[in-house]
Amino acid sequence: MKLQHTMTAVTVLAATLALIATGPRAEPAQDDQLVINGEEEVPTQAPAPAHLDGALGDTIYSGWLFRDPDTRAMQKDDFDNPMFLFVDAGIETWNTPDGTEGKSCADCHNAIEDSMKGVRAALPKVTEKGELWSLENFVNDCRTNRMGAEAWGWNSQEMKNMTAAIGLQSRGMPVAVAIDGEAAPFWEKGKEMYYTRYGQLEMSCANCHEDNYGNYIRSDHLSQGQINGFPLYRLKDQGAVSTHQRFVGCVRDTRGVPFEAGSQEFRELELYVASRGLGLPVETPAVRH
Amino acid sequence: MAENVKPRVRVPKTATKDEVITIKTLISHPMESGQRKDKDGNLIPRSIINRFTAEFNGQMVLDTTLEPAISTNPYLEFDAKVPETGEFKFTWYDDDGSVYEDAQKVEVS
């Protein structure tokens, strides 16, 4: 009985996969280049990192190449990119004192353009205490321990404003997270999670973003699931979306119960997914569907 | 009183004589319609940008009325023919009496 049940499930799954595989395959746009404000060229392809061992072929592609021409155009001009309202708000917060110490970010870190350059590209990373931290952890650490201010929620608007403003300072710089040494155990866990099937639909990240990128899942054009553009403006949500928010959405779409945004699991996954985009320039703040 | 209101404009820095250029403007503003109610059922008073104007070298080239149905952060884009070097001056009028201004020069060769 149980065997029969499993057999049916396998048949259904096989049929579904066959359907996906025979659907229309639309390659990432090859004839478009991301030139921001008409002057700053940001490459949207890079040679695949060695650790992938050919899992994504020779080349990794930014999610930008998988989106519609109109959406791609929005990201080409900072004036048309709605994220810049949030970036402006983040920079204002950077310069505004908060908390019991009466300090602003700028009091310690000075100009965001100088001190935060390259920060986004190397995160998440392992701290001196041996913990794996994302950018949000560092922001809240400053707020609670140095400023005497309240921690922001992981997906709060204030947090996304700030991570967008900080992330922008790394735009164009290649993703350069460390995956060896102290980071290796976290990276391994993240990798295991990437290939683990979740939810009632029993789908792993790899089922869509490795096996089927370029294909359509219903009307969605599957990308390689690169996170080099986060936090980004998602047209569907009419607002800013963080990396972990997207992870929550993906796990939910498998009809699973997602981990919390900011959880250890998602930080490990963030490290691993970031490492799949090693060498791809940071696009923060990107625009996606 | 609307908070964090910030106008932004994008005007090409250079143009040729009588060229038609595209001007983009955006102002961050909540555009509270006056139709919504708060948690206690009281009407939230209307607070919108009700007028936007563009002047070129002191001459009015665009004068618009904005209505409550216009969404948050109104974005206005228009084309203009520039006969000479000069300065565009943009003005937004808020319901609360505030006036926000921005200006940008265009060099005509």
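Take residues 10–103 of chain B: that stretch is 0% helix and 53% strand, and its end C-alpha atoms sit 10 Å apart. Helices (H or I, at least four residues) and strands (E, at least two) are DSSP runs, numbered from the N terminus. This is a predicted model, where local features need pLDDT of at least 70 and side-chain atom pairs count only at pLDDT 80 or more, while totals for chains, interfaces and linings use all residues. Residues are numbered from 1 along each chain as its sequence is written, with chains lettered from A and ligands numbered from 1 in the order in which they are written.

UniProt, in an unreviewed entry, lists residues 10–103 of chain B as "domain: Sulphur oxidation protein SoxZ"; such annotations may be inferred rather than shown by experiment.

Now for a sheet in chain B. Three strands make an open, antiparallel sheet in the order 1-3-6, where pairing takes at least two DSSP bridges between two strands. Strand 1 (6–10) and strand 6 (75–82) are the edges, each pairing on one side only. Strand 3 (residues 19–28) and strand 6 share eight bridges, and one of the bridge pairs is Val20(B) with Lys81(B).

On to the cores, meaning sets of buried Ala, Val, Leu, Ile, Met, Phe, Trp, Tyr and Cys residues joined through C-beta atoms within 7 Å. Buried means 20 or more other C-beta atoms within 10 Å of a residue's own, with C-beta atoms placed from the backbone. The largest core has 58 residues, and Met83(A), Phe86(A) and Ala164(A) are among those touching the most other members. Helix 3 (residues 83–94) of chain A gives the largest share, seven residues. A second, separate core of eight residues includes Ile23(B) and Val82(B).

Terms used
Buried ≥ 20, exposed ≤ 12 C-beta atoms within 10 Å, placed from the backbone.
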